[in-house]
Amino acid sequence: MSITNIRQGSLVLVDSAKVQSRGAFYVAQARTRQMMKWIWMIIGIAIANPILYLISVGIGLGGLIDQSVGPAGVDGVKYLTFLAPALLAQAAIQGTMDETVFPTLEGFKWHKTFYSMNSTPLSGTQISYGIFLTALFRAFYTVVLYFGVMWAFGAVESSRAWLAIPTAIFAGASFGALMQALAGRLEDENIFFVVLGRFVMMPLFMFSGTFFPLTSMPFFLQWIGWISPLWHATELGRHLTYGHVVSPTMVWVHFIFLGIMLVLGLFFSARIFTKRLAK
Amino acid sequence: MSNPLISARGLTKKFGDFTAVNGIDFDVFKGESFGFLGPNGAGKSTAMRIIGATSQRTSGTITVLDKDPEINGPQIRAHLGVVPQQDNLDMQLSVAENLYIYGRYFGLPRKFVKGKVDELLAFAQLEEKRDAKVETLSGGMKRRLTIARALVSEPEILMLDEPTTGLDPQARHILWDRLFRLKEQGVTLLITTHFMDEAEQLCDRLIVMDKGSIMAEGSPASLIKDYSTKEVLEVRFGSDRNQSMADQLRAMCDRIEELPDRVLMYTEDGEALLEKIYAANLHPKTSLVRRSSLEDVFLRLTGRTLIE
């Protein structure tokens, strides 16, 4: 065996300017390669989830609700049609959260892979953006598959319903960015997962107007919806998929809320990653 | 002599009230194998992280490849190969994939990296493990893969932080062989270790560190010559008698060190000293004559052993 090719100083080949402009994509490529190891499981979940939810809650429970409310429907439509946009947004939020929180913990704590990335020309900001980009990729195909199942179940009424795909991804991105920043600060993840699952994700899912209009809730509980990206995305999704009435002002409010969440999440995530790597 | 690749003056790093690196000066030149020798907590890894442009100094100056790591971090890291203390490999990817993605982090062209992967698998003796998942590798294999990974960008300086800690003797020797080949090729190596045999085998020049400060600097041979005698006689009288014998032994040689389990006697001729001990009617339970090592240098400088 020979090692005569082990050379030093490929000044021509190593291009730090190129890494500066494309670093986040290199991280995303590596992360996508990891994701491909269990891609069939992710796709299976992405298809099975909507089928199970739409059959059990949308058709099963929805059948009872539709009988009881009669032709007036819920918000003027079948319960399945009312419910589906919320589930679509929830799928995007759950997908991006999985793809931001777990890789962040793996990178900083479980396998410390972020430290090996940071010993190359990659910066903390690029690593955080790269992880985020991969999460967007997962959100994209999760939502597209979900939307396909919704369409197959007849839960899509409007011709512009497909626009609910980008709005759901937008909500997922906003929540995912913020969770990535939070995960970047974590030292003890066990308590975090208990708190996140029981006191954040569950209330958001239950109290964001997912299963019934937010206005049906007592006023003192409605604030949960207002601060929830799920409610904002659900309102936009319902507006797009079946014409749920949302004033132009509220459309802006929904977008601005999600936009602020996204910008803050990305800003703090980059900052936290950079600081923690330099510790 | 040419300009140093790394030059530090008064380099200091504090974490709150704790001073991890305390005003150290050193230069590393192209093609040399430079070591930081010291016990755990001596500040070796912190110094390495500052050189590697992943941790900022508190004060002092440092240039790496003529650049300031605080200002030109990514540009410096582009030409370093880093082997951290802990193998932070990607456990979900295969051996070859780990090398490939790391090469891409440097912005290296796909075709170049693919060719490089084959070359490095041969170097690390991991050709048969090419498609194996990293988590199935032994400790020694993971370490070799981490070293191969650091070479993917053909770095100007290869930095190894405790390269053989935690490995069994056989794995250590395989790794030393690989590193020695790199050294023979003129690769600039920067090594931290608390193993004196590793420092003696791999380093042309080293600094001995303790509690963040440099205690001595030189080649392994010159340090031994300056701070120790040619030979050392180790005698054991039993843990309850070692101390009581020390006064008698002290008069017989240049210097002694009392350790809990044995007494070290520093001399130019160990066998002659041993004969002298027997002639004085002192009968140690065991005795051993050996050459002085860097361990003895460290003991002389700090009054402590490297591994405590």
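Read along its sequence, chain A follows the pattern α-α-α-α-α-α-α-α-α-α. Please keep in mind throughout that this is a predicted model. In keeping with that pattern, chain A has ten helices and zero strands.

Let me turn to the overall dimensions of this chain. The C-alpha trace of chain A extends over about 80 × 40 × 35 Å along its principal axes. Of the 279 residues in chain A, 53% are buried.

Which residues form a positive surface patch? They are A:Arg185, A:Arg271, A:Lys275 and A:Lys279. Is A:Lys275 buried or exposed? Its relative accessible area is 59%, and A:Lys275 is therefore classed as exposed, the cut-off for that class being over 50%.

Next, the cysteines of chain B. B:Cys203 has a relative accessibility of 6% and so counts as buried. B:Cys253 is likewise buried, because its relative accessible area is 13%. Both assignments rest on the limit for buried residues, which is under 20% relative accessible area.

How many disulfides does the structure hold over all chains? The number is zero. For that count, a disulfide would require a pair of cysteine sulfur atoms within 2.5 Å.

To summarise, chain A is a chain of ten helices and zero strands, A:Lys275 of its positive surface patch is exposed, and in chain B both B:Cys203 and B:Cys253 are buried. Thank you for your attention.

Definitions and conventions. Residues are numbered from 1 along each chain as its sequence is written. Chains are lettered from A and ligands numbered from 1 in the order in which they are written. This is a predicted model: local features need pLDDT of at least 70, side-chain atom pairs count only at pLDDT 80 or more; totals for chains, interfaces and linings use all residues. Side-chain values use heavy atoms; hydrogens and water are left out. Buried means under 20% relative accessible area, exposed over 50%, partly exposed in between (1.4 Å probe, protein chains only). Patches are made of residues with over 30% relative accessible area and no salt bridge: like charges are joined within 9 Å, nonpolar side chains (Val, Leu, Ile, Met, Phe, Trp, Tyr) within 5 Å. Accessible areas come from the Shrake-Rupley method with a 1.4 Å probe; for residues, only the protein chains shown count as cover. A salt bridge is a side-chain nitrogen of Lys or Arg within 4 Å of a carboxyl oxygen of Asp or Glu. Lys and Arg count as positive and Asp and Glu as negative; His and the chain ends are not counted. The place of a charge is taken as NZ of Lys, CZ of Arg, CG of Asp or CD of Glu. Helices (H or I, at least four residues) and strands (E, at least two) are DSSP runs, numbered from the N terminus.
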